[in-house]
Amino acid sequence: MPKLKNDTFLRALLREPVDYTPVWLMRQAGRYLPEYNQTRARAGDFLSLCKNPDLATEVTMQPLARFPVDAAILFSDILTIPDAMGLGLYFAEGEGPKFERPLREEWEIRALTAPDPVEHLGYVVDAVRQIRHALDNSVPLIGFSGSPFTLACYMIEGQGGTDFATVKKMLYQRPDLLHHILATNARAVTDYLNAQIEAGAQAVMIFDTWGGALSHAAYREFSLRYMTEIVSGLTREHEGAKVPVILFTKGGGNWLEAMTATGCDALGLDWTVDIGSARARVGDKVALQGNLDPAILLSEPDIVRTEVGKVLASYGRGNGHVFNLGHGISQFTPPENAAALVQAVHELSRPYHIG
């Protein structure tokens, strides 16, 4: 394969020397961009946008036309897997994702199977191929999935943003049922990410959005265990290059050492963790990705630049840092503030990589 014009992101994930700290933004193709909203309107709704490889490619490329970010991330949604399992995903306007048929009955749970990614999620695989072609080896492409536990939360509750009472009741009352869902999800995620890698994703990220809602012991048993399983089952080299794996548990600051032991290449950090302290805890075992508070982007460019400088200073000299937000970019972010962030990272990080 032709060499990437900019492989800084991949080298940083593998803790190799770089000239500056690379940067990309979680949810970097999203509602804060006017051009995204125009494409979404053409698609008709969010799910139609996700399921159309041409339009998914278009919106994936939009932020790269605006900002010199160091990676593209596949435009999709973490809930494509449970949708392919037949749970009936839909998006209620202003209410977020919901499922028509959440998992409540034992027979439904026992009947759950992992979908074939090529057969049932071919539109995602096709989008990965198209995006790789559109990128023309400019920057790497990130593939992704939700974690087994995070997917299970939506699959059982029927929606996000809840207190997880139904999930936690099952966790304590019928752990065997929850383990069955999680084991099925782990197989599905492994197959799904490997299909993305085969189609051209050059790094993959597992989003454990709701793992931080678990108790200390429950996190290890019901979230980390299954992410470890996935990491061990992933294709780690493709097209003659390593394929780095990033784990991100929102609210996961208590478990950084345990996450490091999964065999992943990098940990995503939310904004509640001091990145310098995290670096001291994990040492040189993994790279770190993060972790500016997304709310800072609601301010103004000079404040954004100052806060970027604080994160870079906290991480300190050396390699192994990918700059990002601590979670997804807000739809209310002025695009000029995102531009200020990318520029500040590229300019202010260079002294940390000299010598």
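How many cavities of 30 Å³ or more does the count come to? This is a predicted model, in which local features need pLDDT of at least 70 and side-chain atom pairs count only at pLDDT 80 or more, while totals for chains, interfaces and linings use all residues. Residues are numbered from 1 along each chain as its sequence is written, and side-chain values use heavy atoms, with hydrogens and water left out.

The count comes to one cavity. A cavity here is a set of points, on a 1 Å grid over the protein atoms alone, where a 1.4 Å probe fits but cannot get out; lining residues have an atom within 4 Å of a point. The largest cavity holds about 40 Å³ of space. Its lining includes Thr21, Leu312, Tyr315 and His353.

Next, the sheet. Seven strands form an open sheet in the order 1-4-5-8-9-10-11, with parallel pairing. Strands are DSSP runs of E, at least two residues, numbered from the N terminus, and two of them pair if DSSP finds at least two bridges between them. At the edges are strand 1 (72–73) and strand 11 (321–325), each pairing on one side only. Strand 1 pairs with strand 4 (residues 141–146) over two bridges, and Ala72 has Leu141 as its bridge partner there.

Last, the cysteines. There are zero disulfides, a disulfide being a pair of cysteine sulfur atoms within 2.5 Å.

Conventions. 1 Å grid on protein atoms, 1.4 Å probe; cavity = no way out; pocket = protein on both sides within 12 Å on 5 of 7 lines; lining within 4 Å. Points joined across faces, edges and corners; volume = space filled by probe spheres on them. Helix = DSSP H or I, 4+ residues; strand = E, 2+ residues; numbered from the N terminus.
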